[in-house]
Amino acid sequence: MRRIPVVFVALLILGVAAAPWAADQRSVASGRAVGDITPSFVVLDVTGPHKGEPICYICEYEGAPTVIAFFQDTGEETAGLVVKLNELAQQKKALKMVAAVISGPDGKPWLEKLAQEKGIKIPLVVFRKGKDDVAMKVYKLNAEAKNTILVSINRKVSANLTNVGVESFNLVAEAASRILGGK
Amino acid sequence: MIRRKSIASCFIFICMAALASVVSISQDKGLDPKGQSDYPRITCEELKKLIDAKATQDIVIVDNQPEESFDEGHIPGAVSFPWTDQIKPPVKLPRNKTLIMYCPCMEEEDSIDMANKLKQFGYSNFKLLKGGWFRWEELKYPIEKK
């Protein structure tokens with residue numbers, strides 16, 4: 001008879017303890033909403049065709065189907081996702097891509113090494129002023145989100161995915177397939 | 001007689017096909033901002049000279065960056081007119097002056113697109129800033145902040 005309240009209390013404690021983690025994984029809002037335009041934002045190119053220069057890839061890609069990935073920082077999780085993005089770009093040639101590290105120019109050597117070791121072809125870039133960069137405001141990026149991935153076509157956001165993990169990358173691939181229409 | 005008729009109809013068919021392809025090519029060009037890049041250009045050096053000489057009475061410098069970026073820095077005297085997918089009237093830019101458009105783009109893509117859109121509102125006098133905002137920054141020319 002006593003067991004029922006004990007189990008109930010244990011479940012309640014577990015629920016309360018897990019709630020912030022669950023919220024962090026799912027409900028962090030970051031990035032421009034679906035239907036919003038994708039305005040210009042200037043980054044410092046690290047490994048792309050404009051290496052070492054400021055560049056607006058979004059302007060260059062114009063209305064092409066595009067994946068814009070913002071990563072809060074460098075690290076193993078970011079590396080795993082960059083590899084996945086690169087694979088996706090290789091599979092879907094019509095898809096344009098840019099992966100930006102928000103934390104700033106300090107991430108340059110890490111990105112260069114990653115591109116070299118993993119054969120990354122998509123442009124890897126950094127925010128010129130780190131977390132103080134105006135692109136944080138322009139793209140409504142939340143500093144609490146580990147990553148924000150926007151899928152766009154005709155310079156309009158068609159999917160907004162936050163805190164994506166390698167295991168949930170299929171959501172990005174599916175969103176990209178939808179805008180490509182099977183191409 | 002039948003032969004003449006068939007030659008004539010063949011000729012008409014070829015003419016119509018040629019006309020259709022010309023129309024199709026010109027329509028495609030209209031949709032592609034890069035295909036409409038025949039707007040005249042002005043260099044940063046030339047614009048700077050106009051600003052320095054206070055000879056800007058016949059021009060308006062139009063900044064196509066997002067408003068937040070404009071607030072952080074823009075060419076002195078520029079007005080903010082951010083790139084958008086659809087311009088909403090009323091457009092408050094003067095029609096009797098040359099609009100000098102610039103953006104943070106390598107090949108003025110956003111400014112070309114905005115000039116194409118402004119044409120639909122009766123604007124026709126544009127110049128694009130060659131190299132745009134990047135070139136202006138590179139030359140370390142003065143920047144105005146809001």
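This is a predicted model: local features need pLDDT of at least 70, side-chain atom pairs count only at pLDDT 80 or more; totals for chains, interfaces and linings use all residues.
I started with the order of elements in chain B, which reads α-β-α-β-α-β-β-α-β-α from the N terminus on. My tally for chain B is 5 helices and 5 strands.

Next I looked at burial. Chain B has 146 residues, and 27% of them are buried. I also checked how far apart in sequence the contacting residues of chain B are. Taking contacts between residues at least 6 apart, I find that 70% join residues at least 24 apart.

Then I went to the nonpolar core. The largest nonpolar core holds 73 residues. Among the residues with the most contacts inside it are A:Val43, A:Val67 and A:Leu85, and B:Met101 is on that list too.

Last, the interface. Which chain B helices supply at least two residues each to the side that touches chain A? First the totals: 17 residues of chain B are in contact with 15 residues of chain A. The helices I wanted are H3 (67-72) and H4 (109-119) of chain B. H3(B) gives the most to that side of chain B, with 3 residues. Sorting the side of chain B that touches chain A by class, I get 9 nonpolar, 5 charged and 3 polar residues.

Terms used
Residues are numbered from 1 along each chain as its sequence is written. Chains are lettered from A and ligands numbered from 1 in the order in which they are written. Helices (H or I, at least four residues) and strands (E, at least two) are DSSP runs, numbered from the N terminus. A residue is buried if 20 or more other C-beta atoms lie within 10 Å of its own, exposed if 12 or fewer, and partly exposed in between; C-beta atoms are placed from the backbone. Two residues are in contact if their C-beta atoms, placed from the backbone, lie within 7 Å. A nonpolar core is a set of buried Ala, Val, Leu, Ile, Met, Phe, Trp, Tyr and Cys residues joined through C-beta atoms within 7 Å. Ala, Val, Leu, Ile, Met, Phe, Trp, Tyr, Cys and Pro count as nonpolar, Asp, Glu, Lys and Arg as charged, and the others, Gly among them, as polar.
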